[in-house]
Amino acid sequence: RILSPTDFGLMGVALLTLATLETFSQTGFQTALIQKRENVESYLDSAWTFLILRGFALFAILYLIAPYAAAFFGTPEAEPIIQVIGVSVLLQAFTNIGVLYFQKELEFNKQFLYQFAGTLADFIVAVSAVLVLQNVWALVFGLIAGNAVRCVASYVVHPYRPHIAFELAKIKELFTYGKWIFGSGILVFLSTQGDGVVIGRMLGATALGFYQMAYQISNLPATEITHVISQVTFPTYAKLQHNIPQLKEAYLRVLQITTLISFPISGLIFALAPQFTTVVLGEKWIPIVPVIQILVIAGLIRSVMATTGPIFQAVGKPGIETKWQVVRVVTMAGLIYPFTVNWGLQGTAVVVLISFLVSTLGFIYSL
């Protein structure tokens, strides 16, 4: 209610720049380590060291390309924001790699405490700062605070203490599996963030702020429900990967639970979008209502079909997901420019919906 759509758009430009670098340099190490059935402790130090080196590289690149990224989106005000949020990359790199055991060993109470500590810090710092600063820097400080607390908490909640090491053979082995996660991650980025890049470039920071707020609200079933469920299901599926009957039964149960939760929430978001926007965000956000109502349908499809990704990864066939992500990206790439030019944010939202519908048919076929 305090910040303007332009403030959220500037933060969106910075986060898109950060997400682009992270996506095109991701390793897939954590997924590979969780998927492995044997003890993975001998891999941890090398993986942690590699991630630190990657973190420093990304920090330097982000700082140097900030002026060009800001110019690309036509938002010179975003330059210092892009440079400062690079600190969050370093904090993530130094996070205790031992926390992956929370997912691997299904210790989700500890996973919750670790994640919640950072989320709470982000919330407290951002809200406190916005009351004083009343500008986009409140969001920046909240993001950094959340990552800082999460980094510290990772060493408090897990006893593993990583050390600098670099065994090339183990790095190569992790990359063998991680290359599919890398490929899939790029495609997921293009299909879930490509629309934001196009809007930021064509329509400006204010339109990007409107769109990203609409996307966050409409995709609550996918981001807040399915993401949590997938954190549980992936390590569970990995343990069942050689017992196909139990794996099928587990997947069908997860699909039922996801559907049971996602459909009612999506329906409420669709029906109450005008009232929610007016009461919670304020009159200045009214333009996002039709965008929310289109994207919530895409979010519902995404929440249900996201249950398939963990099962493909768990059985060691992440390439299946990658293939259908390609279809989604190609569909979006072919339609997004003319739809956005002619119908603005609503046109972009329709393209997102169409791309999810097309790829969903492929996921169903692959199952």
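This is a predicted model: local features need pLDDT of at least 70, side-chain atom pairs count only at pLDDT 80 or more; totals for chains, interfaces and linings use all residues.

Biologist: Why are H12 and H13 called roughly antiparallel?

Modeller: The axes of H12 and helix H13 (residues 289–305) cross at roughly 175° and come within 9 Å. An angle over 145 degrees counts as roughly antiparallel, and H12 and H13 are therefore roughly antiparallel to each other. On the H12 side the contact includes Leu255, Phe263, Ile269 and Phe270, and on the H13 side it includes Val289, Ile292, Val296 and Leu300.

Biologist: What classes of residue make up the contact of H12 with H13?

Modeller: The contact of H12 with H13 has eleven nonpolar and seven polar residues, and no charged ones.

Biologist: What makes H1 roughly perpendicular to H10?

Modeller: Helix H1 (residues 5–23) and helix H10 (residues 205–218) have axes that cross at roughly 85° and come within 7 Å. Angles of 65 to 115 degrees count as roughly perpendicular, which is why H1 is described as roughly perpendicular to H10. Among the residues that meet are Phe8, Leu10, Val13 and Leu16 in H1, and Leu208, Phe210 and Met213 in H10. The contact of H1 with H10 divides into nine nonpolar, six polar and no charged residues.

Biologist: How do you know that the side chains of Glu249 and Arg253 meet in a salt bridge?

Modeller: The N to O distance between the side chains of Glu249 and Arg253 is 2.7 Å. A salt bridge requires a side-chain nitrogen of Lys or Arg within 4 Å of a carboxyl oxygen of Asp or Glu, and the pair of Glu249 and Arg253 therefore qualifies as a salt bridge. Glu249 and Arg253 are four residues apart in helix H12 (residues 244–281), so about one helical turn separates them.

Biologist: Why does Glu249 count as partly exposed, and why does Arg253 count as exposed?

Modeller: Exposed means over 50% relative accessible area, and partly exposed lies between that value and 20%. Glu249 has 42% relative accessibility, so Glu249 counts as partly exposed. Arg253 has 52%, so Arg253 counts as exposed.

Biologist: How many salt bridges are there by this rule?

Modeller: The count comes to two salt bridges. One of them joins the side chains of Glu167 and Lys170, at 3.5 Å from N to O.

Biologist: What makes Lys170 buried?

Modeller: Buried means under 20% relative accessible area. Lys170 has 19%, so Lys170 is buried, whereas Glu167, at 40%, counts as partly exposed.

Biologist: Where is Glu167 found, and which residues does Glu167 touch?

Modeller: Glu167 is found in the loop between helix H8 (137–157) and helix H9 (168–202). Not counting residues up to four places away in sequence, Glu167 touches Ser42 and Ser46. Glu167 and Ser42 are 125 residues apart in sequence, and their C-alpha atoms are 9.6 Å apart in space.

Biologist: Why is Glu79 called partly exposed?

Modeller: Glu79 has a relative accessible area of 28%, so Glu79 is partly exposed. Glu79 is found in helix H4 (residues 79–84). Leaving aside its neighbours within four places in sequence, Glu79 is in contact with Ala66, Pro67 and Ala70.

Biologist: Which residues have the most contacts inside the largest nonpolar core?

Modeller: The largest nonpolar core has 58 residues, and those with the most contacts inside it are Ile81, Ile82, Ile85, Tyr211 and Ile288. Among the residues that Ile85 touches, beyond those up to four places away in sequence, are Ala14, Leu18, Leu62 and Val140. A second, separate core has 15 residues, including Leu33, Val40, Leu44 and Ile171.

Biologist: What does the secondary structure of the protein come to?

Modeller: The secondary structure comes to 15 helices and zero strands. Of the 367 residues in the protein, 52% are buried.

Definitions and conventions: Residues are numbered from 1 along each chain as its sequence is written. Side-chain values use heavy atoms; hydrogens and water are left out. Axes are lines fitted to C-alpha atoms, for helices over the stretch in contact, and angles run from 0 to 180 degrees between N-to-C directions. Helices (H or I, at least four residues) and strands (E, at least two) are DSSP runs, numbered from the N terminus. Angles under 35 degrees count as roughly parallel, over 145 as roughly antiparallel, 65 to 115 as roughly perpendicular and the rest as oblique. Contact means heavy atoms within 4.5 Å. Ala, Val, Leu, Ile, Met, Phe, Trp, Tyr, Cys and Pro count as nonpolar, Asp, Glu, Lys and Arg as charged, and the others, Gly among them, as polar. Buried means under 20% relative accessible area, exposed over 50%, partly exposed in between (1.4 Å probe, protein chains only). A nonpolar core is a set of buried Ala, Val, Leu, Ile, Met, Phe, Trp, Tyr and Cys residues joined through side-chain atoms within 4.5 Å.
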